[in-house]
Amino acid sequence: MEGKANSIRDYRYKRTEYAAREILEYWIVDPQIQQITICQWVEGQYEDKVFTGATCMESVVIAD
């Protein structure tokens, strides 16, 4: 049950908390399903980009 609680916290509650602060970007790393979700603040809401495998990821907040 702990995994489910963590998932709800990461994908639902953090989104609300971070949106209230207009956090520009945050990443959710989920080793159980081998997936990384990058949540980017765009025009007042988060847009998610989901990555799996060896896909290259880029941050719009952190410069090269």
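Predicted model: local features only at pLDDT ≥ 70, side-chain atom pairs only at ≥ 80, totals over all residues.
Helices (H or I, at least four residues) and strands (E, at least two) are DSSP runs, numbered from the N terminus. Residues are numbered from 1 along each chain as its sequence is written, and side-chain values use heavy atoms, with hydrogens and water left out.

A search of the whole structure finds three salt bridges. A salt bridge is a side-chain nitrogen of Lys or Arg within 4 Å of a carboxyl oxygen of Asp or Glu. Asp10 takes part in a network of salt bridges with Arg9 and Lys14. The side chains of Arg9 and Asp10 meet at 3.3 Å, N to O. For Lys14 and Asp10, the closest N and O atoms are 3.2 Å apart. Lys14 and Asp10 are four residues apart in helix H1 (residues 2-20), so about one helical turn separates them.

Burial was classed by relative accessible area: buried means under 20%, exposed over 50%, and partly exposed in between (1.4 Å probe, protein chains only). Asp10 counts as buried, at 15% relative accessibility. Arg9 counts as partly exposed at 38%. Lys14 is also in the partly exposed class, at 24%.

Arg15 forms a salt bridge with Asp48, with the closest N and O atoms 2.7 Å apart. This pair links distant parts of the chain: Arg15 lies in helix H1 and Asp48 in strand E3, 33 residues apart. Arg15 is partly exposed at 21% relative accessibility. Asp48 is partly exposed too, with a relative accessible area of 40%.

Strand E1 (residues 25-30) pairs with E2 in the antiparallel sense over six bridges. Two strands pair if DSSP finds at least two bridges between them. Glu25 stands opposite Gln40 in E2. E1 and E2 form a hairpin with four residues between them. In the turn, Gln34 has a positive phi of about 50°.

Gln35 is in strand E2 (residues 35-42). Its relative accessible area is 19%, so Gln35 is buried. A polar contact of 3.4 Å joins the side chains of Gln35 and Thr37. Such a contact is a pair of N or O atoms within 3.5 Å; within protein, one must be able to donate a hydrogen and the other to accept it, and residues adjacent in sequence count only if both atoms are side-chain atoms. Leaving aside neighbours within four places in sequence, Gln35 is in contact (heavy atoms within 4.5 Å) with Tyr11, Ile28, Val29, Asp30, Val50, Phe51 and Thr52.

Leu24, Val60, Val61 and Ile62 make a nonpolar surface patch of about 410 Å². Patches are made of residues with over 30% relative accessible area and no salt bridge; like charges are joined within 9 Å, and nonpolar side chains (Val, Leu, Ile, Met, Phe, Trp, Tyr) within 5 Å. Accessible areas come from the Shrake-Rupley method with a 1.4 Å probe; for residues, only the protein chains shown count as cover. Ile62 is in the segment after strand E3 (45-52). Ile62 is exposed, with a relative accessible area of 61%.

Ala54 also lies in the segment after E3. Ala54 is exposed, at a relative accessible area of 84%. Ala54 and Lys14 are 40 residues apart in sequence and 26 Å apart in space, C-alpha to C-alpha.
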